[in-house]
Amino acid sequence: MESALAVPRLPPHDPGTPVLSVVDMHTGGEPLRIVLAGCPEVSGPTLLAKRRYMRQHLDHVRRRLMFEPRGHRDMYGAVLVPSELPDAHLGVLFLHNEGYSSMCGHAVLALGRFALDFGLVPAPAAGTREARVNIHCPCGLVTAFVACEDGRSHGPVRFHSVPAFVLATDLMVDVPGHGKVVVDIAYGGAFYAFVSAEKLGLDICSAKTRDLVDAASAVTEAVKAQFKINHPDSEDLAFLYGTILTDGKDAYTKEPTTNICVFADEQVDRSPTGSGVTARIALQIHKGLLELNQARAFKSSATGSVFTGKAVREAKCGDFKAVIVEVSGQAHYTGTASFIVEDDDPLRDGFLLK
């Protein structure tokens, strides 16, 4: 006789609280938890308005999915919502340990596969080797190109970014514990500060992750305190998302250049960071270190995973000279889950350990 344990069913839970059903993926080691069902309707006429609404009225969903005991302080998530853009196949709100991002490249690479496999885009014609998925992110419309076979995703994904540009170069900031440090600030759907780890007395490849996190976080807080971030299109996008420490190899080489991104509340990206690669390529183009359609490999110091990227054409963002960047990487499925709440659970909305 078949064991009762072999029959999937939900354990006791509060029937008044929707079950949150998710699909889990990762891209280069960086997790993505995609909400399939259970999130209340996210109101708002635009995607940025929906982002504000979710922050103000539905933040318990983010906390339940990202925080312990269902997640961890480095978990990342995506809530799919309708888009007001006629060309978009889907809209997405990105979730992390501190709030809501404006862009996430590793998530776009994963969502490209997910959208094709779960029928969110029209089935590709017979013989099609790459499917197009238009994803409306808070920063704008991003197009993913999904390698496919017999109508299902198969292999790598690439995306074309929103216009990426440089906000400031050779910016001197006073970083507690490190003195005067020169940083660059660039935008790839989100703003990042860039600095060679060597300038902070660290080796990007051998330093302890905790030391890299502490140094990157100190730079982030210093830039926030000493420099005002502006975006030509929206104040909702005008914030510093984090700091990316690099190996200092900004000039073109055939070998991968290594970096690590520390964003939000000291969250560590396991991947090379898709929006960070976008911004870093814009920075290298701006400095004359890279040419259009010259591809580079970017390696995560956390996992060794690699993205490739190149600037495919020039663009504008307000008065800024910009580029559209193509980033390529591989996403994988890891599982599914149904998350419940018991009404007497004092930790129902999760917690984080510092």
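## Asp 74 and its surroundings

The side chain of Asp 74 makes a polar contact with the backbone nitrogen of Val 268, at 3.1 Å. (A polar contact is a pair of N or O atoms within 3.5 Å; within protein, one must be able to donate a hydrogen and the other to accept it, and residues adjacent in sequence count only if both atoms are side-chain atoms.) This is a predicted model, so local features need pLDDT of at least 70 and side-chain atom pairs count only at pLDDT 80 or more, while totals for chains, interfaces and linings use all residues. Residues are numbered from 1 along each chain as its sequence is written, and side-chain values use heavy atoms, with hydrogens and water left out.

Asp 74 sits in the loop between H2 and E3; helices (H or I, at least four residues) and strands (E, at least two) are DSSP runs, numbered from the N terminus. With a relative accessible area of 11%, Asp 74 is buried. (Buried means under 20% relative accessible area, exposed over 50%, partly exposed in between, with a 1.4 Å probe and protein chains only.) Setting aside neighbours within four places in sequence, Asp 74 is in contact (heavy atoms within 4.5 Å) with Glu 30, Pro 31, Glu 266, Gln 267, Val 268 and Arg 270.

## Aromatic pairs

There are 12 aromatic pairs in the structure. Rings of Phe, Tyr and Trp (its six-membered ring) pair if their centres lie within 6.5 Å; planes under 30 degrees apart count as stacked, over 60 as edge-to-face and the rest as tilted. Tyr 76 and Phe 94 form a tilted one, 6.4 Å centre to centre with 50° between the planes. The two are 18 residues apart, Tyr 76 in the loop between helix H2 (59-66) and strand E3 (77-81) and Phe 94 in strand E4 (residues 90-95). Tyr 76 is buried at 1% relative accessible area, and Phe 94 is buried at 0%.

Phe 165 and Phe 191 go edge-to-face, at 5.9 Å and 80°. Phe 165 belongs to strand E9 (residues 165-175) and Phe 191 to strand E11 (residues 191-196), so this pair ties together parts 26 residues apart in sequence. Elsewhere, ring pairs join Tyr 76, Phe 94, Tyr 192, Phe 194, Phe 239, Tyr 241 and Phe 263 into a cluster.

## Ile 244

Ile 244 lies in strand E12 (residues 240-246) and is buried, with 0% relative accessible area. Beyond residues up to four places away in sequence, Ile 244 touches residues including Tyr 192, Phe 194, Ile 260 and Gly 276.
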